[in-house]
2 protein chains.
Amino acid sequence: MKIVDVRELSVRLEGDVANAVVSFAEHDVSLVAVVSDVLRNGKPVIGLAFNSIGRFAQRGILCDRIIPRLRAAQTKDLLADDGRRFDPAKVVHVGMRNEKPGGHGDRAAAMAAIELAIWDLNAKLGDEPACHTIAQAFGRAEVAPTMTAYAAGGYYYPSQSAARLKEEFSRYRDLGFTAFKMKIGGASLAEDLARIEAALEVAGNGENLAVDANGRFDLETGLSYARAISPHGLRWYEEIGDPLDFDLNRRIAEVYPGAIATGENLFSAADVKNLLLFAGARRGLDLFQMDAGLSYGLGEYGRMLDLMEEHGFERHQAVPHGGHLINLHIVLGLGLGGCEAYPGVFQPFGGYPLACLIGGGRVRATQAPGFGLEEKPELRDPIACLCPEIFAHV
Amino acid sequence: MKIVDVRELSVRLEGDVANAVVSFAEHDVSLVAVVSDVLRNGKPVIGLAFNSIGRFAQRGILCDRIIPRLRAAQTKDLLADDGRRFDPAKVVHVGMRNEKPGGHGDRAAAMAAIELAIWDLNAKLGDEPACHTIAQAFGRAEVAPTMTAYAAGGYYYPSQSAARLKEEFSRYRDLGFTAFKMKIGGASLAEDLARIEAALEVAGNGENLAVDANGRFDLETGLSYARAISPHGLRWYEEIGDPLDFDLNRRIAEVYPGAIATGENLFSAADVKNLLLFAGARRGLDLFQMDAGLSYGLGEYGRMLDLMEEHGFERHQAVPHGGHLINLHIVLGLGLGGCEAYPGVFQPFGGYPLACLIGGGRVRATQAPGFGLEEKPELRDPIACLCPEIFAHV
């Protein structure tokens with residue numbers, strides 16, 4: 001059994017969505033395929049994955065550095081000892097050859113796409129949904145049947161911002177979501193408070209509404225918002241300052257009584273260790289949003305979870321960034337606290353097929369082998385472009 | 001005045017050098033050119049720079065993200081208010097459009113190459129060495145006439161390692177260097193101690209010899225080496241553990257009395273703030289090796305120096321990684337503590353032209369405008385490949 005090809009396709013995100021910091025209109029994502037020489041029904045078994053959502057495709061690092069190293073590798077350097085599956089850790093070891101420590105940015109996302117495609121490939125070789133492959137590999141006795149997903153969005157509108165925010169969240173409620181997340185920091189505190197109050201009319205109470213500053217605030221602004229939103233008892237207050245400003249996070253955690261969420265822009269276990277040590281995170285309360293698809297894949301993500309538990313945090317405090325099928329399987333397989341969903345945006349990668357949405361704010365996996373990306377209608381065209389053999393008639 | 005072209009050439013490093021972690025045989029560097037519409041002697045004035053040494057070329061991020069944004073920009077979005085030079089901060093603002101915070105890896109090096117080329121271009125427009133342009137921009141009254149450079153190397157050899165290390169350092173001494181840096185961590189502690197003692201026979205005393213573990217050690221190993229090398233009173237003990245393991249660094253700084261050097265694998269001011277707050281660095285003693293060419297350029301590097309001074313450190317404690325002409329001008333212009341040199345390796349980018357080496361372990365700039373890259377013989381071919389007009393007869 002061997003890998004016969006590794007491919008990449010940079011796919012533009014659809015739609016024109018902006019948060020407080022960036023517009024996603026130019027963002028793209030690397031869809032990757034790891035093609036094995038195993039044939040099923042006359043077609044090769046192919047692992048598919050992508051580098052999550054919200055940063056950029058990584059064609060350069062993949063094609064100039066990582067894929068050539070994998071192509072040059074011996075089969076034994078990539079296969080598990082039993083020869084029946086590929087070893088994600090070995091694949092990362094080969095893909096990262098001669099990369100120096102530190103600098104966990106674009107490279108971490110490039111490597112993650114390949115590593116996750118190996119998990120998809122292994123699950124397909126075992127003819128099972130990836131959540132089962134993941135649970136078994138990490139020594140977990142059970143796969144969670146469903147996960148909690150909240151609807152993220154809550155954008156700014158040029159006019160009638162509060163009224164249109166209520167309309168937006170009402171649409172998400174009609175899709176079966178019961179918890180919501182909205183952007184803050186793109187307007188004045190007074191205007192944001194009015195938007196929060198409007199959103200609460202749909203959410204029902206603070207426990208169903210999170211707010212996300214996308215790393216925009218300095219300490220003073222972050223503290224002003226903390227004081228102003230405290231009475232609402234919100235679900236959480238997300239990414240208040242620069243993602244690496246652990247001292248700022250600690251100072252706000254000292255005065256803000258509710259949950260603080262952060263971590264989606266930390267891409268290594270080394271960074272997460274610093275977050276756990278220095279950012280004032282509170283056991284049993286705060287949330288961690290690291291995303292395997294931006295962080296060298298599931299192996300490194302598992303090390304992040306180990307660090308969390310070593311420092312007294314619980315895995316239900318892990319709520320990955322990136323609402324898509326890959327993170328659904330990771331949350332179910334590892335028993336994490338849930339995931340986000342951006343209904344209707346970040347296509348073709350974002351969200352879950354209709355068969356996964358079961359109402360009550362909960363999502364399940366289907367029985368498709370692997371991550372089930374082939375079952376997502378929006379992904380059919382890019383997958384067919386990258387791997388025509390998948391949908392070919394044989 | 002406007003920018004009419006931005007170009008990149010990925011150039012492979014020559015030689016086959018390895019440290020304790022990586023081989024540099026596969027490493028390459030992005031040489032970039034920013035071509036203006038200003039003509040001098042019938043040729044366009046062109047800014048040249050590269051993304052330092054020791055990580056990788058960044059063709060993908062440059063060509064897919066940063067250069068297209070610069071090409072699409074209005075001239076006024078890149079020019080200084082007086083219209084007589086380009087504004088490096090504005091160029092970074094445009095080049096980083098829609099990039100999210102955090103993830104300071106490959107992107108930081110890609111952006112740095114372009115930003116530094118703007119400094120080279122501005123110096124050439126002013127017809128002065130870049131160290132003068134830099135000193136003036138940062139409000140410094142004087143440019144240092146020379147800087148201290150130490151000879152880095154001290155590799156492992158398959159046999160007779162200690163004897164060949166002495167030979168290697170003797171060659172550097174004959175080139176005029178008086179201080180040296182050697183690798184540790186690629187052999188047992190006992191063997192490394194024998195190599196250190198051999199090296200001290202050439203260096204004369206510990207003050208002239210630094211050791212570099214290249215981020216290889218865990219806490220226990222780092223502490224063992226700290227205890228064993230303490231009696232030698234070495235120049236410094238460099239990059240002991242993972243570059244982001246600030247807690248490890250702090251624990252070793254608590255027991256190791258000599259200087260500790262680190263920072264070459266931190267690529268943002270946000271990371272440096274954490275280093276200064278959490279790594280136990282000691283005022284007036286420890287050294288910081290951040291490198292503008294890997295860190296978004298001189299603007300971000302200046303913010304790192306500001307943070308150092310805000311936290312009670314002095315700028316002579318800044319000793320940039322990357323021994324080459326660009327960092328020579330930065331050290332002279334900003335009054336820093338010196339720089340490294342890797343005599344004979346990391347070509348064509350590493351080192352200084354013969355006219356710069358003045359003996360006594362000191363290096364000066366020439367009077368060439370800009371960084372003077374065109375005066376370095378090894379760079380002539382790659383520069384001619386990227387910009388044939390520079391050496392053309394008109």
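This is a predicted model: local features need pLDDT of at least 70, side-chain atom pairs count only at pLDDT 80 or more; totals for chains, interfaces and linings use all residues.
The buried residues in question are Leu165(A), Glu168(A), Phe169(A) and Tyr172(A).

**Helix α5 of chain A**

- The four buried residues, Leu165(A), Glu168(A), Phe169(A) and Tyr172(A), cover an arc of only 90° around the axis, which puts them on the same side of α5(A).
- On the other side of α5(A), the exposed residues are Ala163(A), Glu167(A), Ser170(A) and Asp174(A).
- Helix α5(A) runs over residues 161–174, and its 14 residues should span 20 Å at 1.5 Å a residue, which agrees with the 20 Å that separate its end C-alpha atoms.
- Just after α5(A) comes Gly176(A), which takes a positive phi of about 110°.

**Contact between chains A and B**

- Chain B brings 38 residues to the contact, and chain A likewise brings 38 residues.
- On the side of chain B that touches chain A, the elements that give two or more residues are α1, α3, α8 (246–253) and α9 (269–278) of chain B.
- By class, the residues on that side of chain B divide into 14 nonpolar, 11 polar and 13 charged.

**Packing of α1 and α3 in chain B**

- Helix α1(B), residues 59–72, packs with helix α3(B), residues 106–125, at an angle of about 70°, and their axes lie 10 Å apart.
- Because angles from 65 to 115 degrees count as roughly perpendicular, α1(B) is described as roughly perpendicular to α3(B).
- From α1(B), the residues Ile61(B), Leu62(B) and Ile66(B) meet Asp106(B), Arg107(B), Ala110(B), Met111(B) and Ile114(B) of α3(B).
- This contact of α1(B) with α3(B) has six nonpolar residues and two charged residues, with no polar residues.

**Helix α4 of chain B**

- Within α4(B), which covers residues 130–137, the residues Ala130(B), Cys131(B), Thr133(B), Ile134(B) and Ala135(B) are buried.
- The cover over these buried residues of α4(B) includes α3, α10 and α11 (325–334) of chain B.
- Following α4(B) is Gly139(B), a residue with a positive phi near 70°.

**Backbone features in loops**

- As background for the points that follow, most residues other than glycine have a negative phi, and most peptide bonds are trans.
- Asn214(B) has a positive phi, near 50°, and lies in the loop between β6 (209–212) and α7 (219–229) of chain B.
- With 22 other C-beta atoms within 10 Å, Asn214(B) is buried, because a residue counts as buried when 20 or more such atoms lie within that distance.
- Tyr296(B) also has a positive phi, near 70°, and is found in the loop between β9 (287–288) and α10 (298–310) of chain B.
- Tyr296(B) is likewise buried, with 27 other C-beta atoms within 10 Å.
- In chain A, the peptide bond from Gln347(A) to Pro348(A) is cis, with omega near 10°, and Pro348(A) lies in the loop between β10 (339–341) and β11 (362–363) of that chain.
- In chain B, a cis peptide bond joins Gln347(B) and Pro348(B), with omega about 10°, and Pro348(B) is found in the loop between β10 (339–341) and β11 (362–363) of chain B.

Technical notes:
Residues are numbered from 1 along each chain as its sequence is written. Chains are lettered from A and ligands numbered from 1 in the order in which they are written. Axes are lines fitted to C-alpha atoms, for helices over the stretch in contact, and angles run from 0 to 180 degrees between N-to-C directions. Angles under 35 degrees count as roughly parallel, over 145 as roughly antiparallel, 65 to 115 as roughly perpendicular and the rest as oblique. Two residues are in contact if their C-beta atoms, placed from the backbone, lie within 7 Å. Ala, Val, Leu, Ile, Met, Phe, Trp, Tyr, Cys and Pro count as nonpolar, Asp, Glu, Lys and Arg as charged, and the others, Gly among them, as polar. The expected span of a helix is 1.5 Å times one less than its number of residues. A residue is buried if 20 or more other C-beta atoms lie within 10 Å of its own, exposed if 12 or fewer, and partly exposed in between; C-beta atoms are placed from the backbone. The arc is that of the directions from the helix axis to the C-beta atoms.
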